[in-house]
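Please keep the sequence and the structure open while reading.

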Amino acid sequence: MADDAVKQAQEAAAAAAEAATALQVQAQEAIRKAEEAAALAQAALDAQQAADASAAASRVEERPAQPDASRSPTLAHAGLETPPPAAPRPAEAPAGPLDVDQVAAIRDGYAFDGAALEMGALVNGDPMPDVPVRIPLAMTNRHGLVAGATGTGKTRTLQVLAEQLAANGVAVFAADIKGDLSGIATPGEGNEKLLKRTDGIGQAWSAASFPVEFFSLGGIGKGVPIRATVAGFGPLLLSKVLGLNDTQESSLGLVFHFAENAGMALVDLADLRAVLQYLVSDDGKAELEGLGGLSKATVGVILRELVAFAEAGADVFFGEPEIDTAEFLRVASDGRGIVSLLEVPGVADRPALYSTFLMWLLADLFNDLPEVGDVDKPKLVFFFDEAHLLFNDASKDFLQQVVQTVRLIRSKGIGIFFVTQTPKDVPADVLAQLGSRVQHQLRAFTPDDAKALRATVSTYPTSGYDLEETLTILGTGEAIVTVMNEKGAPSPVAWTRLRAPQASMSPSADAAIDAAVAASPLQAKYGTAIDRESAHELLTAKMNAAAASAMAAEDAEANARADAEFAKQQAAIEKQRAKEQKAAQAEYDRLMKRTSSTSRSSSSRSRSSSGGSVLEQVLGSKATRDVLTSVVEGIFGTRRRR
């Protein structure tokens with residue numbers, strides 16, 4: 001039995017050795033076939049590279065035919081025959097996530113017939129200068145979004161877009177939040193690092209400057225003052241900036257309605273305060289009897305908010321001369337668009353005012369400009385930096401107005417680019433109106449960040465990227481781009497290394513800015529504030545007249561009371577005088593009667609004994625003197641009346 005077991009074991013070992021030998025032979029054969037397939041694939045790649053270079057040189061839109069290969073390098077190890085490979089990876093980016101078909105689709109998707117803004121070059125492992133990423137100039141009025149975390153290059157992207165728009169004769173308006181956009185007015189400076197980057201994406205970089213007009217909010221900061229009247233600003237925008245609730249917003253609308261109908265111009269905040277105070281006064285309440293009236297409590301809230309608003313510096317933003325927003329559509333004498341930069345240092349101290357003021361500019365443009373439909377290039381592209389400030393704590397009515405403005409203003413030849421940190425900062429109804437998206441790096445350090453990242457990824461078209469990962473590893477100056485092509489369809493999603501600005505990426509010198517402002521033809525027109533007669537002056541005059549009338553009535557009433565009191569006192573005096581005269585007369589009559597009844601003899605005796613007659617006694621008495629005094633004073637009028 002033991003011998004049989006040993007024999008069986010030996011046979012099994014021999015069979016295993018034979019099987020191992022057979023497997024080794026098969027493996028060697030598979031390796032040989034794999035090497036053959038790899039050689040074929042390399043030949044196919046070489047042919048594809050040559051075809052791509054030829055296509056790029058001749059700018060032929062058709063893709064070259066794919067080379068044939070008989071084996072797949074992956075399946076050759078199993079000894080299986082395969083069809084020719086469908087999409088060999090381009091030699092320029094062997095480590096990239098995209099295959100040749102996807103790269104070709106991106107190349108075709110950004111090959112526009114008309115004028116376009118050059119954004120940069122496709123990144124597929126390394127930059128591919130022969131695959132440019134662009135935005136059709138005619139589609140920049142379909143709006144856009146530039147988003148990304150702080151420090152990822154949003155401002156430089158804004159500058160690249162602004163420079164190219166200006167070069168194409170399109171006016172630009174942008175808010176210079178940090179002050180470094182002012183460098184657009186100064187030529188840039190090249191260096192080895194910059195030129196290496198630009199060469200790598202096929203950008204023939206050269207220094208350039210662009211025509212710039214500097215503006216400031218109400219004269220705070222450097223620039224031509226931008227002012228608006230309170231009436232022009234309107235109750236809806238003002239309610240938003242004051243943080244009023246629906247009831248208070250409705251009451252403010254009633255105040256504007258009254259002022260307009262009464263011919264009282266609301267120019268500055270003093271005008272609005274005067275109207276509010278008047279409408280809750282005894283004289284003003286009657287003005288709103290048929291309109292529902294105003295609550296003193298509501299007016300009190302609005303007045304308190306206006307005081308705080310003014311103390312934050314807003315009082316200088318409202319007044320005259322009001323800026324004509326057509327000034328932002330100007331083109332320089334050389335045909336380039338003028339870049340209007342709103343210098344807003346310290347905007348963090350008054351974010352609601354800044355964002356709402358920019359919204360007023362858009363609303364005013366919308367109201368004033370005619371319909372132009374689809375045009376080859378927009379009249380103005382408006383960059384709304386720190387866009388999240390516009391939508392924070394916004395009412396439903398305000399958001400509806402923003403959505404309506406964004407939706408319809410493109411037909412007036414205006415494009416809007418919102419610049420913010422994440423797409424979730426912009427309401428969905430607004431995002432739905434945007435045609436171009438430039439998404440810089442997003443960070444996912446917190447659960448909220450991760451949620452925002454997933455929400456952002458879900459809004460992109462299908463692509464060859466793992467966007468949830470790609471968006472977190474983008475380098476500074478890189479972005480995921482998709483735009484609206486000339487047919488109105490979205491272009492392929494492209495990982496893009498963006499171009500460098502030609503102007504300075506540092507702020508222009510203060511002296512250069514001051515000189516530009518002083519030389520501006522707009523400074524003489526808008527530089528000096530005007531204080532004309534408006535609601536405050538009208539109501540002050542009206543209330544002063546009412547006060548003077550009331551004072552005159554009070555004086556007349558006081559005089560009447562004084563005259564009545566004087567007459568009463570005079571009557572009492574006259575009555576007392578008559579009483580005294582009557583008493584004196586009675587005393588006089590009594591004495592006279594007594595005198596007549598005395599005999600002459602008695603009179604003689606009396607006269608001889610007293611040394612004087614009775615008559616003399618009567619005439620010399622005090623009562624007689626009082627009577628005579630009253631009679632004499634009454635005749636000559638010498639007695640005082642007061």
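Two strands are taken to pair if DSSP finds at least two bridges between them. What is described below is a predicted model, whose secondary structure comes to 21 helices and 12 strands.

**The chain as a whole**

- Of the 642 residues in the chain, buried residues make up 43%.
- Among contacts in the chain with a separation of 6 or more, 73% are accounted for by residues 24 or more positions apart.

**The sheet**

- An open sheet of 12 strands, with mixed pairing, runs in the order S2-S1-S12-S11-S10-S3-S9-S8-S4-S7-S5-S6.
- The edges of this sheet are strand S2 (126–136) and strand S6 (224–226), and because each has a single partner strand, one side of each is left without a neighbour in the sheet.
- From one strand to the next, the twist of the sheet averages 30 degrees.
- Strand S1 (residues 116–124) pairs with strand S12 (residues 494–498) in the antiparallel sense, over 3 bridges, and Gly-120 stands opposite Leu-498 in S12.

- Two packed helices are described by the angle between their axes together with the distance between the axes.
- For helix H6 (residues 235–242) and helix H7 (residues 246–261), the axes come within 9 Å and cross at roughly 140 degrees.
- H6 and H7 are therefore oblique to each other, since angles over 145 degrees would be needed to count as roughly antiparallel, and their crossing is right-handed.
- On the H6 side this contact is made by Pro-235, Leu-236, Leu-238 and Ser-239, and on the H7 side by Glu-249, Leu-252, Gly-253 and Phe-256.
- The residues in the contact of H6 with H7 divide into 5 nonpolar, 2 polar and 1 charged.
- The axis of H6 also comes within 10 Å of the axis of helix H9 (residues 296–311), and the two cross at roughly 75 degrees, which makes H6 roughly perpendicular to H9.
- Here the contact is made by Leu-238, Val-241 and Leu-242 of H6 and by Glu-305, Leu-306 and Phe-309 of H9, and these residues divide into 5 nonpolar, no polar and 1 charged.
- Leu-238 is named in both contacts of H6, that with H7 and that with H9.

**Ala-479, a residue of strand S11**

- Ala-479 lies in strand S11 (residues 478–482), and at 0% relative accessibility this residue counts as buried, the cut-off being under 20% relative accessible area.
- Although Ala-479 and Trp-495 are 16 residues apart in sequence, their C-alpha atoms are 5.9 Å apart in space.
- Leaving aside neighbours within four places in sequence, Ala-479 is in contact with Val-438, Gln-439, His-440, Leu-474, Ala-494, Trp-495, Thr-496 and Leu-498.
- Among these contacts of Ala-479 is Leu-498, the residue of S12 that Gly-120 stands opposite.

**Ser-520, a residue between two helices**

- Ser-520 has its place in the loop between helix H16 (510–519) and helix H17 (521–526).
- Is Ser-520 buried or exposed? With a relative accessible area of 7%, Ser-520 is buried, because this value falls under the 20% cut-off.
- Not counting residues up to four places away in sequence, Ser-520 touches Glu-213 and Val-224, and residue 224 belongs to strand S6 (224–226) at an edge of the sheet.

Methods. Residues numbered from 1 in each chain as written. Predicted model: local features only at pLDDT ≥ 70, side-chain atom pairs only at ≥ 80, totals over all residues. Heavy atoms only, no water. Helix = DSSP H or I, 4+ residues; strand = E, 2+ residues; numbered from the N terminus. Axes fitted to C-alpha atoms, helices over the stretch in contact; angles between N-to-C directions. Parallel < 35°, antiparallel > 145°, perpendicular 65-115°, else oblique. Left-handed = near helix turned anticlockwise from the far one by under 90°. Contact = heavy atoms within 4.5 Å. Nonpolar A, V, L, I, M, F, W, Y, C, P; charged D, E, K, R; others polar. Buried < 20%, exposed > 50% of the residue type's maximum accessible area, 1.4 Å probe, protein only.
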